[in-house]
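Ready to learn how to read a protein structure? Let us look at it together, one feature at a time.

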Amino acid sequence: MHISHYNLQSTTKRCCRRLKSWLQEHVCKQNSQSNSKLPRCDVLLFVATPTEKEKLEEVARSLNLQFTRRQGKAFKYYDLGQVGTYRVMAVKSEVGAFGHDGSAARAIAAKIETHATGLVSLGMAFGTDPHKSTGFRGQNKGDVLVSRILLPYDNRRVRSVDGAVVTDYERVVPYHAKESLVKALRKHSMSSEWETHVHFGAMLTGGALIECARFRDDLVRRLSDRGELVIGGEMEGAGLLAASNPRAPTWIIAKGILDFADEERDPKSPQFARDRAIACECAAKFVLTALLSDNPDEQN
Amino acid sequence: MDNLDKYFNPETPAATHPKIRTWTSLIESNPVFIECEIYRKREGLDFLPIKIYLRYRLTDDVPQQDDHDDWDDGLNQFLIAKGIHAISEENEGIRFNLMLSRRLQNIEIRYGEGYFNAVFLVVIESGFGANAEIASMLKIVGPGNPHKGTSYPDVLSSIEGAIKMCADCLVKELKYPRDAAQRILIETVKQYMDERFSITNARFLGFI
(Lines give C-alpha, C1' and ligand atoms only; values in the text may rest on other atoms or scores of the structure.)
Protein backbone atom coordinates (compact mmCIF):
# COMPACT_ATOMS: atom_id res chain seq x y z
CA MET A 1 0.00 0.00 0.00
CA HIS A 2 1.46 3.37 -0.97
CA ILE A 3 0.86 6.51 1.03
CA SER A 4 1.93 9.80 -0.43
CA HIS A 5 4.01 11.97 1.87
CA TYR A 6 3.25 15.65 1.62
CA ASN A 7 5.58 18.50 2.46
CA LEU A 8 4.34 18.79 6.10
CA GLN A 9 5.82 19.96 9.34
CA SER A 10 7.96 17.37 11.14
CA THR A 11 5.34 16.30 13.70
CA THR A 12 2.80 15.69 10.98
CA LYS A 13 5.38 13.75 8.97
CA ARG A 14 6.04 11.57 12.03
CA CYS A 15 2.30 10.91 12.34
CA CYS A 16 2.12 9.87 8.71
CA ARG A 17 5.05 7.49 9.13
CA ARG A 18 3.38 5.96 12.16
CA LEU A 19 0.07 5.64 10.31
CA LYS A 20 1.76 4.00 7.32
CA SER A 21 3.58 1.60 9.61
CA TRP A 22 0.33 0.74 11.43
CA LEU A 23 -1.54 0.20 8.17
CA GLN A 24 1.17 -2.01 6.76
CA GLU A 25 1.21 -4.04 9.97
CA HIS A 26 -2.58 -4.29 10.01
CA VAL A 27 -2.89 -5.29 6.36
CA CYS A 28 -0.09 -7.84 6.67
CA LYS A 29 -1.70 -9.26 9.80
CA GLN A 30 -5.09 -9.39 8.10
CA ASN A 31 -3.65 -11.14 5.07
CA SER A 32 -1.80 -13.66 7.19
CA GLN A 33 -4.89 -14.29 9.32
CA SER A 34 -7.11 -14.81 6.31
CA ASN A 35 -4.67 -17.45 5.10
CA SER A 36 -4.37 -19.25 8.43
CA LYS A 37 -6.84 -21.88 9.51
CA LEU A 38 -9.68 -20.64 11.70
CA PRO A 39 -9.23 -22.19 15.15
CA ARG A 40 -11.99 -24.17 16.81
CA CYS A 41 -13.79 -22.43 19.62
CA ASP A 42 -15.80 -23.68 22.59
CA VAL A 43 -18.11 -20.68 22.88
CA LEU A 44 -19.22 -18.44 20.02
CA LEU A 45 -20.62 -15.05 21.02
CA PHE A 46 -23.21 -13.39 18.80
CA VAL A 47 -23.73 -9.65 18.60
CA ALA A 48 -26.07 -7.83 16.25
CA THR A 49 -25.44 -4.09 16.41
CA PRO A 50 -22.33 -1.92 16.15
CA THR A 51 -22.72 -0.87 19.79
CA GLU A 52 -22.87 -4.48 20.94
CA LYS A 53 -19.72 -5.29 19.03
CA GLU A 54 -17.89 -2.18 20.17
CA LYS A 55 -18.74 -2.75 23.81
CA LEU A 56 -17.75 -6.40 23.59
CA GLU A 57 -14.37 -5.36 22.20
CA GLU A 58 -13.96 -2.67 24.83
CA VAL A 59 -14.75 -5.04 27.68
CA ALA A 60 -12.56 -7.78 26.24
CA ARG A 61 -9.57 -5.46 26.00
CA SER A 62 -10.23 -4.09 29.50
CA LEU A 63 -9.96 -7.69 30.71
CA ASN A 64 -6.64 -8.10 28.83
CA LEU A 65 -8.22 -10.37 26.27
CA GLN A 66 -7.39 -10.17 22.62
CA PHE A 67 -9.98 -9.20 20.02
CA THR A 68 -8.27 -10.26 16.83
CA ARG A 69 -10.10 -10.16 13.57
CA ARG A 70 -10.02 -13.47 11.71
CA GLN A 71 -11.46 -14.22 8.32
CA GLY A 72 -13.20 -17.54 7.99
CA LYS A 73 -14.43 -19.03 4.73
CA ALA A 74 -17.93 -17.77 5.46
CA PHE A 75 -17.66 -14.85 7.87
CA LYS A 76 -15.44 -12.47 9.73
CA TYR A 77 -14.86 -13.45 13.34
CA TYR A 78 -13.30 -11.84 16.37
CA ASP A 79 -10.98 -14.13 18.26
CA LEU A 80 -10.91 -13.50 22.01
CA GLY A 81 -8.50 -16.37 22.54
CA GLN A 82 -8.50 -18.31 25.80
CA VAL A 83 -11.05 -16.89 28.25
CA GLY A 84 -10.46 -18.93 31.38
CA THR A 85 -10.90 -22.54 30.26
CA TYR A 86 -12.97 -21.50 27.24
CA ARG A 87 -11.77 -20.80 23.73
CA VAL A 88 -14.00 -17.91 22.66
CA MET A 89 -14.78 -16.19 19.39
CA ALA A 90 -17.42 -13.66 18.38
CA VAL A 91 -19.37 -13.01 15.22
CA LYS A 92 -21.75 -10.25 14.20
CA SER A 93 -25.10 -10.74 12.51
CA GLU A 94 -27.75 -8.22 11.55
CA VAL A 95 -30.56 -7.28 13.92
CA GLY A 96 -33.33 -9.85 14.08
CA ALA A 97 -33.44 -13.59 13.73
CA PHE A 98 -34.40 -13.96 10.10
CA GLY A 99 -33.37 -12.41 6.88
CA HIS A 100 -30.27 -12.97 4.85
CA ASP A 101 -27.81 -11.89 7.53
CA GLY A 102 -29.98 -12.44 10.57
CA SER A 103 -28.96 -14.48 13.57
CA ALA A 104 -30.49 -17.74 12.27
CA ALA A 105 -28.47 -17.88 9.07
CA ARG A 106 -25.37 -16.66 10.86
CA ALA A 107 -25.70 -19.06 13.80
CA ILE A 108 -26.22 -22.15 11.66
CA ALA A 109 -23.16 -21.56 9.50
CA ALA A 110 -20.87 -19.98 12.10
CA LYS A 111 -21.42 -22.73 14.66
CA ILE A 112 -20.42 -25.28 12.04
CA GLU A 113 -17.48 -23.30 10.69
CA THR A 114 -15.96 -22.75 14.14
CA HIS A 115 -16.97 -26.22 15.48
CA ALA A 116 -18.37 -24.34 18.49
CA THR A 117 -20.22 -26.34 21.12
CA GLY A 118 -21.85 -23.36 22.87
CA LEU A 119 -23.54 -20.24 21.50
CA VAL A 120 -24.17 -17.06 23.51
CA SER A 121 -26.31 -14.24 22.22
CA LEU A 122 -25.08 -10.99 23.79
CA GLY A 123 -26.43 -7.49 23.65
CA MET A 124 -29.61 -5.61 24.52
CA ALA A 125 -33.04 -6.71 25.63
CA PHE A 126 -36.16 -5.21 27.12
CA GLY A 127 -37.14 -5.82 30.71
CA THR A 128 -40.64 -6.54 31.89
CA ASP A 129 -40.72 -5.08 35.36
CA PRO A 130 -39.98 -1.36 35.46
CA HIS A 131 -42.15 -0.88 38.49
CA LYS A 132 -40.59 -3.68 40.51
CA SER A 133 -43.97 -5.18 41.14
CA THR A 134 -43.27 -8.86 40.70
CA GLY A 135 -42.22 -9.53 44.25
CA PHE A 136 -38.73 -10.26 43.02
CA ARG A 137 -36.09 -7.63 43.47
CA GLY A 138 -37.24 -5.78 40.35
CA GLN A 139 -35.30 -4.67 37.32
CA ASN A 140 -33.18 -1.67 36.41
CA LYS A 141 -31.73 -0.58 33.09
CA GLY A 142 -28.34 -2.22 32.68
CA ASP A 143 -29.33 -5.35 34.62
CA VAL A 144 -28.46 -8.52 32.75
CA LEU A 145 -31.19 -10.96 31.73
CA VAL A 146 -30.24 -14.59 31.23
CA SER A 147 -32.62 -17.00 29.54
CA ARG A 148 -33.17 -20.39 31.09
CA ILE A 149 -36.05 -20.68 28.66
CA LEU A 150 -36.78 -18.98 25.36
CA LEU A 151 -40.35 -18.34 24.23
CA PRO A 152 -40.75 -17.53 20.53
CA TYR A 153 -43.95 -15.53 20.81
CA ASP A 154 -44.39 -15.13 17.03
CA ASN A 155 -45.54 -18.76 16.96
CA ARG A 156 -49.12 -17.73 17.73
CA ARG A 157 -52.57 -18.21 16.27
CA VAL A 158 -54.59 -15.15 15.35
CA ARG A 159 -58.29 -15.67 14.89
CA SER A 160 -61.42 -13.65 14.41
CA VAL A 161 -64.05 -14.24 17.07
CA ASP A 162 -67.27 -12.29 16.62
CA GLY A 163 -65.37 -9.72 14.62
CA ALA A 164 -62.71 -9.22 17.28
CA VAL A 165 -59.05 -10.17 16.84
CA VAL A 166 -58.14 -12.94 19.27
CA THR A 167 -54.55 -14.05 19.66
CA ASP A 168 -53.84 -17.49 20.99
CA TYR A 169 -50.37 -18.36 22.35
CA GLU A 170 -50.92 -22.06 22.98
CA ARG A 171 -48.51 -22.96 20.17
CA VAL A 172 -45.64 -21.21 21.94
CA VAL A 173 -43.47 -23.95 23.41
CA PRO A 174 -40.55 -23.28 25.74
CA TYR A 175 -36.99 -24.02 24.54
CA HIS A 176 -34.44 -24.74 27.25
CA ALA A 177 -30.98 -23.23 27.27
CA LYS A 178 -27.78 -25.25 27.47
CA GLU A 179 -27.34 -26.47 31.03
CA SER A 180 -23.59 -26.12 31.25
CA LEU A 181 -23.81 -22.47 30.18
CA VAL A 182 -26.72 -21.78 32.56
CA LYS A 183 -24.65 -23.24 35.39
CA ALA A 184 -21.55 -21.19 34.56
CA LEU A 185 -23.53 -17.95 34.40
CA ARG A 186 -25.62 -18.83 37.43
CA LYS A 187 -22.54 -19.42 39.55
CA HIS A 188 -21.08 -16.07 38.55
CA SER A 189 -24.37 -14.25 39.13
CA MET A 190 -24.13 -15.13 42.81
CA SER A 191 -20.97 -13.09 43.28
CA SER A 192 -21.39 -9.86 45.23
CA GLU A 193 -20.79 -7.72 42.14
CA TRP A 194 -23.65 -9.27 40.19
CA GLU A 195 -26.13 -10.79 42.63
CA THR A 196 -28.62 -7.89 42.47
CA HIS A 197 -28.05 -7.15 38.80
CA VAL A 198 -28.64 -10.45 37.02
CA HIS A 199 -32.03 -12.09 36.48
CA PHE A 200 -32.65 -15.63 35.27
CA GLY A 201 -35.91 -16.76 33.75
CA ALA A 202 -37.89 -17.04 30.55
CA MET A 203 -37.24 -14.61 27.73
CA LEU A 204 -39.50 -13.73 24.88
CA THR A 205 -37.99 -13.75 21.43
CA GLY A 206 -39.61 -12.42 18.30
CA GLY A 207 -39.58 -9.96 15.46
CA ALA A 208 -41.60 -7.16 17.05
CA LEU A 209 -40.01 -3.89 18.16
CA ILE A 210 -42.27 -3.35 21.17
CA GLU A 211 -43.08 0.09 22.51
CA CYS A 212 -46.34 -0.70 24.22
CA ALA A 213 -46.63 -1.60 27.91
CA ARG A 214 -50.04 -3.22 27.41
CA PHE A 215 -48.73 -5.58 24.70
CA ARG A 216 -45.66 -6.34 26.81
CA ASP A 217 -47.74 -7.07 29.92
CA ASP A 218 -50.16 -9.20 27.92
CA LEU A 219 -47.29 -11.33 26.64
CA VAL A 220 -45.86 -11.66 30.16
CA ARG A 221 -49.22 -12.59 31.64
CA ARG A 222 -50.03 -15.16 28.99
CA LEU A 223 -46.60 -16.77 28.68
CA SER A 224 -45.44 -16.93 32.29
CA ASP A 225 -47.05 -20.35 32.64
CA ARG A 226 -44.43 -22.10 30.53
CA GLY A 227 -42.20 -23.01 33.46
CA GLU A 228 -40.57 -19.70 34.40
CA LEU A 229 -41.54 -16.09 34.95
CA VAL A 230 -41.00 -13.96 31.84
CA ILE A 231 -38.20 -11.54 32.67
CA GLY A 232 -37.67 -9.86 29.32
CA GLY A 233 -37.51 -10.10 25.58
CA GLU A 234 -35.26 -9.67 22.60
CA MET A 235 -35.04 -10.22 18.84
CA GLU A 236 -32.17 -12.57 17.94
CA GLY A 237 -32.67 -15.59 20.19
CA ALA A 238 -35.01 -17.36 17.81
CA GLY A 239 -32.10 -17.48 15.36
CA LEU A 240 -29.97 -19.47 17.79
CA LEU A 241 -32.80 -21.98 18.07
CA ALA A 242 -32.31 -22.64 14.35
CA ALA A 243 -28.71 -23.73 15.02
CA SER A 244 -29.59 -26.11 17.79
CA ASN A 245 -31.52 -29.34 18.22
CA PRO A 246 -34.10 -28.67 20.98
CA ARG A 247 -33.25 -32.05 22.50
CA ALA A 248 -29.60 -31.00 22.81
CA PRO A 249 -29.54 -27.21 23.06
CA THR A 250 -26.27 -25.38 22.56
CA TRP A 251 -27.30 -21.76 23.25
CA ILE A 252 -28.01 -19.21 25.94
CA ILE A 253 -29.07 -15.56 25.83
CA ALA A 254 -27.47 -12.96 28.09
CA LYS A 255 -28.52 -9.38 27.41
CA GLY A 256 -28.57 -6.08 29.27
CA ILE A 257 -31.82 -4.21 29.83
CA LEU A 258 -32.00 -1.25 27.50
CA ASP A 259 -35.62 -0.32 28.03
CA PHE A 260 -38.97 -1.75 29.11
CA ALA A 261 -40.67 -2.00 25.73
CA ASP A 262 -43.14 0.70 26.69
CA GLU A 263 -44.24 4.17 25.65
CA GLU A 264 -41.22 5.71 27.37
CA ARG A 265 -38.88 4.13 24.87
CA ASP A 266 -37.35 7.00 22.91
CA PRO A 267 -34.54 5.99 20.55
CA LYS A 268 -33.90 9.61 19.60
CA SER A 269 -33.06 10.75 23.11
CA PRO A 270 -29.42 11.10 24.22
CA GLN A 271 -30.29 9.06 27.31
CA PHE A 272 -31.25 6.14 25.05
CA ALA A 273 -27.78 6.09 23.51
CA ARG A 274 -26.23 6.08 27.01
CA ASP A 275 -28.59 3.31 28.17
CA ARG A 276 -27.73 1.30 25.07
CA ALA A 277 -24.02 1.52 25.75
CA ILE A 278 -24.50 0.54 29.39
CA ALA A 279 -26.74 -2.43 28.55
CA CYS A 280 -24.26 -3.80 26.01
CA GLU A 281 -21.30 -3.25 28.30
CA CYS A 282 -22.95 -4.94 31.29
CA ALA A 283 -23.92 -8.02 29.28
CA ALA A 284 -20.45 -8.36 27.76
CA LYS A 285 -18.73 -7.86 31.11
CA PHE A 286 -20.98 -10.35 32.88
CA VAL A 287 -20.49 -13.11 30.33
CA LEU A 288 -16.75 -12.63 29.86
CA THR A 289 -16.05 -12.45 33.58
CA ALA A 290 -18.28 -15.51 34.10
CA LEU A 291 -16.23 -17.48 31.59
CA LEU A 292 -12.98 -16.18 33.06
CA SER A 293 -13.94 -17.16 36.58
CA ASP A 294 -15.44 -20.58 35.76
CA ASN A 295 -12.76 -22.67 37.43
CA PRO A 296 -13.12 -26.46 37.16
CA ASP A 297 -10.84 -26.86 40.18
CA GLU A 298 -13.57 -25.34 42.34
CA GLN A 299 -15.97 -28.18 41.52
CA ASN A 300 -14.24 -30.65 43.82
CA MET B 1 -51.77 -48.01 57.28
CA ASP B 2 -48.85 -48.14 54.81
CA ASN B 3 -48.82 -50.78 52.14
CA LEU B 4 -45.28 -50.56 50.85
CA ASP B 5 -44.58 -54.29 50.48
CA LYS B 6 -44.81 -54.20 46.71
CA TYR B 7 -41.97 -51.67 46.52
CA PHE B 8 -39.65 -53.96 48.43
CA ASN B 9 -40.73 -57.19 46.81
CA PRO B 10 -37.97 -58.34 44.45
CA GLU B 11 -40.61 -59.98 42.25
CA THR B 12 -42.32 -56.68 41.53
CA PRO B 13 -41.28 -55.48 38.06
CA ALA B 14 -39.69 -52.03 37.92
CA ALA B 15 -40.77 -51.00 34.47
CA THR B 16 -40.12 -47.32 33.81
CA HIS B 17 -41.54 -47.35 30.31
CA PRO B 18 -44.97 -48.60 29.19
CA LYS B 19 -43.40 -50.66 26.39
CA ILE B 20 -41.25 -52.67 28.78
CA ARG B 21 -44.10 -54.93 29.91
CA THR B 22 -45.04 -55.79 26.30
CA TRP B 23 -41.48 -56.33 25.23
CA THR B 24 -40.68 -58.38 28.34
CA SER B 25 -43.35 -60.95 27.52
CA LEU B 26 -42.24 -60.90 23.88
CA ILE B 27 -38.62 -61.62 24.78
CA GLU B 28 -39.58 -64.23 27.36
CA SER B 29 -41.55 -66.10 24.72
CA ASN B 30 -38.15 -67.00 23.22
CA PRO B 31 -38.59 -65.81 19.65
CA VAL B 32 -36.33 -67.46 17.05
CA PHE B 33 -35.02 -64.07 16.04
CA ILE B 34 -34.96 -60.72 17.79
CA GLU B 35 -32.92 -57.59 17.36
CA CYS B 36 -33.38 -53.84 17.59
CA GLU B 37 -32.70 -50.98 15.24
CA ILE B 38 -32.04 -47.42 16.32
CA TYR B 39 -33.69 -45.38 13.59
CA ARG B 40 -31.95 -42.04 13.42
CA LYS B 41 -32.32 -40.46 10.02
CA ARG B 42 -30.24 -37.46 9.11
CA GLU B 43 -32.13 -34.69 7.43
CA GLY B 44 -30.03 -31.78 6.26
CA LEU B 45 -27.84 -30.55 9.08
CA ASP B 46 -29.74 -32.33 11.83
CA PHE B 47 -31.55 -35.56 12.67
CA LEU B 48 -35.20 -36.49 12.76
CA PRO B 49 -36.63 -37.72 16.10
CA ILE B 50 -35.10 -41.07 17.03
CA LYS B 51 -37.04 -44.30 17.21
CA ILE B 52 -36.22 -47.76 18.56
CA TYR B 53 -37.55 -50.62 16.46
CA LEU B 54 -37.76 -54.14 17.85
CA ARG B 55 -37.78 -56.71 15.07
CA TYR B 56 -38.65 -60.31 15.88
CA ARG B 57 -39.89 -63.61 14.53
CA LEU B 58 -41.75 -65.72 17.05
CA THR B 59 -41.31 -69.03 15.20
CA ASP B 60 -39.68 -70.12 11.96
CA ASP B 61 -42.96 -70.37 10.15
CA VAL B 62 -44.29 -66.86 10.77
CA PRO B 63 -43.18 -63.66 9.10
CA GLN B 64 -40.97 -61.13 10.80
CA GLN B 65 -42.80 -58.49 12.81
CA ASP B 66 -41.78 -55.27 14.41
CA ASP B 67 -42.79 -52.84 17.06
CA HIS B 68 -41.35 -49.43 17.80
CA ASP B 69 -41.38 -46.48 20.12
CA ASP B 70 -39.60 -43.16 20.54
CA TRP B 71 -36.05 -43.37 21.81
CA ASP B 72 -36.00 -43.59 25.58
CA ASP B 73 -32.93 -44.18 27.74
CA GLY B 74 -34.84 -46.54 30.04
CA LEU B 75 -36.26 -48.55 27.16
CA ASN B 76 -32.82 -48.85 25.58
CA GLN B 77 -31.27 -49.88 28.90
CA PHE B 78 -33.94 -52.56 29.22
CA LEU B 79 -33.05 -53.98 25.80
CA ILE B 80 -29.35 -53.95 26.68
CA ALA B 81 -30.04 -55.76 29.96
CA LYS B 82 -31.90 -58.39 27.93
CA GLY B 83 -28.92 -58.72 25.58
CA ILE B 84 -30.74 -57.49 22.47
CA HIS B 85 -28.26 -56.53 19.75
CA ALA B 86 -28.73 -53.75 17.21
CA ILE B 87 -28.90 -54.71 13.54
CA SER B 88 -25.28 -53.85 12.76
CA GLU B 89 -22.10 -52.54 14.34
CA GLU B 90 -22.78 -49.13 12.84
CA ASN B 91 -26.25 -49.15 14.37
CA GLU B 92 -24.73 -50.13 17.72
CA GLY B 93 -22.53 -47.06 17.27
CA ILE B 94 -25.64 -44.89 16.97
CA ARG B 95 -27.09 -46.49 20.08
CA PHE B 96 -23.95 -46.11 22.15
CA ASN B 97 -23.40 -42.57 20.89
CA LEU B 98 -26.75 -41.63 22.42
CA MET B 99 -25.78 -43.37 25.66
CA LEU B 100 -22.31 -41.84 25.77
CA SER B 101 -23.75 -38.36 25.08
CA ARG B 102 -26.01 -38.67 28.09
CA ARG B 103 -23.16 -39.80 30.35
CA LEU B 104 -20.74 -37.15 29.17
CA GLN B 105 -23.30 -34.38 29.49
CA ASN B 106 -23.18 -34.55 33.28
CA ILE B 107 -19.41 -34.11 33.21
CA GLU B 108 -19.74 -31.15 30.87
CA ILE B 109 -22.29 -29.49 33.16
CA ARG B 110 -20.12 -30.04 36.23
CA TYR B 111 -16.82 -28.77 34.84
CA GLY B 112 -17.88 -26.40 32.07
CA GLU B 113 -17.78 -27.14 28.41
CA GLY B 114 -14.48 -25.43 27.68
CA TYR B 115 -12.60 -27.65 30.09
CA PHE B 116 -14.67 -30.68 29.15
CA ASN B 117 -13.82 -30.21 25.46
CA ALA B 118 -10.13 -29.84 26.22
CA VAL B 119 -9.85 -32.94 28.41
CA PHE B 120 -12.15 -34.97 26.15
CA LEU B 121 -9.82 -34.35 23.21
CA VAL B 122 -6.85 -35.53 25.29
CA VAL B 123 -8.70 -38.74 26.19
CA ILE B 124 -9.66 -39.43 22.60
CA GLU B 125 -6.22 -38.66 21.27
CA SER B 126 -4.53 -41.03 23.70
CA GLY B 127 -7.07 -43.86 23.43
CA PHE B 128 -8.39 -43.63 19.89
CA GLY B 129 -5.82 -41.54 18.05
CA ALA B 130 -4.45 -44.58 16.20
CA ASN B 131 -7.71 -44.90 14.26
CA ALA B 132 -7.31 -43.05 10.96
CA GLU B 133 -10.79 -41.52 10.88
CA ILE B 134 -10.61 -40.31 14.47
CA ALA B 135 -7.10 -38.97 13.88
CA SER B 136 -8.45 -37.00 10.92
CA MET B 137 -11.23 -35.55 13.10
CA LEU B 138 -8.70 -34.61 15.78
CA LYS B 139 -6.66 -32.79 13.16
CA ILE B 140 -9.74 -30.79 12.13
CA VAL B 141 -10.75 -29.94 15.68
CA GLY B 142 -7.28 -29.29 17.04
CA PRO B 143 -5.67 -30.30 20.34
CA GLY B 144 -7.25 -29.93 23.76
CA ASN B 145 -4.32 -28.56 25.79
CA PRO B 146 -6.20 -28.47 29.10
CA HIS B 147 -4.77 -26.80 32.16
CA LYS B 148 -3.68 -29.62 34.45
CA GLY B 149 -5.01 -28.38 37.75
CA THR B 150 -6.43 -30.31 40.68
CA SER B 151 -9.57 -31.30 38.80
CA TYR B 152 -7.74 -32.64 35.75
CA PRO B 153 -7.38 -36.23 37.04
CA ASP B 154 -11.08 -36.27 38.03
CA VAL B 155 -12.31 -35.00 34.69
CA LEU B 156 -10.00 -37.39 32.86
CA SER B 157 -11.16 -40.40 34.85
CA SER B 158 -14.82 -39.33 34.58
CA ILE B 159 -14.63 -39.20 30.80
CA GLU B 160 -12.70 -42.46 30.61
CA GLY B 161 -15.24 -43.96 33.00
CA ALA B 162 -18.14 -42.99 30.74
CA ILE B 163 -16.40 -44.66 27.80
CA LYS B 164 -15.59 -47.70 29.94
CA MET B 165 -19.27 -48.06 30.87
CA CYS B 166 -20.05 -48.37 27.17
CA ALA B 167 -17.27 -50.94 26.75
CA ASP B 168 -18.61 -52.92 29.73
CA CYS B 169 -22.14 -52.90 28.29
CA LEU B 170 -20.85 -54.21 24.98
CA VAL B 171 -18.86 -57.04 26.50
CA LYS B 172 -20.71 -58.02 29.67
CA GLU B 173 -24.36 -57.37 28.78
CA LEU B 174 -24.44 -57.69 25.02
CA LYS B 175 -21.69 -60.33 25.02
CA TYR B 176 -19.83 -58.99 22.00
CA PRO B 177 -16.37 -60.46 21.51
CA ARG B 178 -13.55 -58.00 22.21
CA ASP B 179 -12.76 -57.20 18.57
CA ALA B 180 -16.40 -56.42 17.68
CA ALA B 181 -16.83 -54.41 20.91
CA GLN B 182 -13.71 -52.43 20.01
CA ARG B 183 -15.03 -51.62 16.55
CA ILE B 184 -18.36 -50.51 18.00
CA LEU B 185 -16.63 -48.33 20.60
CA ILE B 186 -14.59 -46.65 17.87
CA GLU B 187 -17.77 -46.10 15.85
CA THR B 188 -19.42 -44.62 18.96
CA VAL B 189 -16.61 -42.15 19.53
CA LYS B 190 -16.54 -41.21 15.84
CA GLN B 191 -20.25 -40.42 15.85
CA TYR B 192 -20.03 -38.49 19.12
CA MET B 193 -17.14 -36.36 17.88
CA ASP B 194 -18.77 -35.80 14.52
CA GLU B 195 -21.91 -34.42 16.12
CA ARG B 196 -20.30 -32.49 18.93
CA PHE B 197 -17.88 -30.67 16.65
CA SER B 198 -20.13 -30.48 13.55
CA ILE B 199 -17.65 -32.27 11.31
CA THR B 200 -19.99 -33.81 8.71
CA ASN B 201 -21.95 -30.55 8.67
CA ALA B 202 -18.73 -28.64 8.03
CA ARG B 203 -18.08 -30.92 5.04
CA PHE B 204 -21.65 -30.36 3.78
CA LEU B 205 -21.15 -26.61 3.84
CA GLY B 206 -17.70 -26.82 2.25
CA PHE B 207 -15.78 -25.52 5.27
CA ILE B 208 -13.50 -28.58 5.21
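Predicted model: local features only at pLDDT ≥ 70, side-chain atom pairs only at ≥ 80, totals over all residues.

Q: Which residues of α2(A) are buried?
A: An α-helix has 3.6 residues a turn, so residues three or four places apart point the same way. In α2 (residues 50–62) of chain A, the buried ones are Glu52(A), Lys53(A), Lys55(A), Leu56(A), Val59(A) and Ala60(A). Seen down the helix axis, the buried residues of α2(A) fall within an arc of 165°, so they line one face; the arc is that of the directions from the axis to the C-beta atoms. On the other side, Pro50(A), Arg61(A) and Ser62(A) are exposed. Buried means 20 or more other C-beta atoms within 10 Å of the residue's own, exposed 12 or fewer, with C-beta atoms placed from the backbone. Helices (H or I, at least four residues) and strands (E, at least two) are DSSP runs, numbered from the N terminus.

Q: What is the strand order of the open sheet in chain B?
A: Strands of a sheet pair through backbone hydrogen bonds, either parallel or antiparallel. Here the order is β1-β4-β5 (chain B), with antiparallel pairing; two strands pair if DSSP finds at least two bridges between them. β1 (33–39) and β5 (65–70) of chain B each have a single partner strand, so one side of each lacks a neighbour in the sheet. Six bridges join β4(B) to β5(B), and Ile52(B) has Asp69(B) as its bridge partner in β5(B).

Definitions and conventions. Residues numbered from 1 in each chain as written. Chains lettered and ligands numbered in written order. Expected span 1.5 Å × (residues − 1).
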